[in-house]
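Thanks for making the time this morning.

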Amino acid sequence: MSKGNIRLLSDTLAKARAEDRAALVAYLPAGFPTVDGGIEAVKAVIAGGADVVEVGLPHSDPVLDGAVIQTADDIALRGGVRIADVLRTVREAHEATGAPVLVMTYWNPIDRYGPERFAAELAEAGGAGCILPDLPVQESAPWREHADKHGLATVFVVAPSSKDARLATITAAGSGFVYAASLMGVTGTRESVGNEAQELVRRTRATTELPVCVGLGVSNAVQAKEVAGFADGVIVGSAFVKLLLDAPDLPAGLAAVRALAGELAEGVRRS
């Protein structure tokens, strides 16, 4: 039985902490702008300085995602992206870079595909785990059993609205890290990430030893530095996707995402 890379994920986050910095976690959807282009984009963000990558599984009803990622998902879906392409993206990106690669997905596509089959194939592709923003923790035990068996992390999302008791339930069930959504609402770039996120990290840390990574709203090195001051990881997605959407061609887009990853990697160094 193949084993996933939860250990690599944990070691990577621990290494960042040992270097007194936050980890840089990049998000990119699979199949965007094409399957091959998406694989190159993942390699580019890692080459630029991302420590961990989340590969998005494009979905027709992405409730957590803002306009930028919805646009990219639409392009990927119109291009005919399949779960096999998502797994191939994980495999090729991980093999090329050695970095931990997770899949971020809504529950419905996995449920339809077969949770056990998905866990086995993700592990076999070298995946480090899954981020499941809409899977209720109280319904997650069957999935977590498959994930544990295959050496995969199950990352849950907490939000400022989560009460303390709820936070404790979520973090007790999760593994790898905790994804702290810095504000209510959908993904996208924001002017400020701010106090709500810092308070959420403080409350989450009170319930768990897991690293806490903050996403939703970080788009530049100044914001990355701000979040790195209180979080274990800084998650950036829409800013990378927007560069690819706005680029005149793929090589220009790849150069732009690699450059932004480099700036953000400087930003997450706290000194």
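**Salt bridges and the overall fold**

Let me start with Glu199 and Arg202, whose side chains meet in a salt bridge at 2.6 Å, N to O, where a salt bridge is a side-chain nitrogen of Lys or Arg within 4 Å of a carboxyl oxygen of Asp or Glu. Because Glu199 and Arg202 are 3 residues apart in helix 9, residues 194–205, about one helical turn separates them. Glu199 counts as partly exposed, at 36% relative accessibility; here buried means under 20% relative accessible area, exposed over 50%, and partly exposed in between, with a 1.4 Å probe and protein chains only.

Before I go further, please keep in mind that this is a predicted model, in which local features need pLDDT of at least 70 and side-chain atom pairs count only at pLDDT 80 or more, while totals for chains, interfaces and linings use all residues. Residues are numbered from 1 along each chain as its sequence is written, and side-chain values use heavy atoms, with hydrogens and water left out.

A second salt bridge joins the side chains of Arg91 and Glu124, again N to O, at 2.6 Å. This pair links distant parts of the chain, since Arg91 sits in helix 4 (residues 83–97) and Glu124 in helix 6 (residues 115–124), 33 residues apart. Arg91 is partly exposed at 25% relative accessibility, and Glu124 is partly exposed too, at 48%.

What does Glu19 meet in a salt bridge? Its partner is Arg21, with 2.7 Å from N to O, and these two belong to a network of salt bridges that also links Lys15 and Asp51. Glu19 is partly exposed, with a relative accessible area of 38%, whereas Arg21 is buried at 6%. Over the whole structure, a search finds 15 salt bridges.

Turning to the chain, there are 12 helices and 9 strands, taken as DSSP runs numbered from the N terminus, helices being H or I of at least four residues and strands E of at least two. The radius of gyration is 17 Å, close to the 18 Å that the globule rule gives for 271 residues, so the chain is as compact as a globular protein of that length; the radius is taken over C-alpha atoms, and the rule is 2.2 Å times the number of residues to the power 0.38. Of those 271 residues, 58% count as buried.
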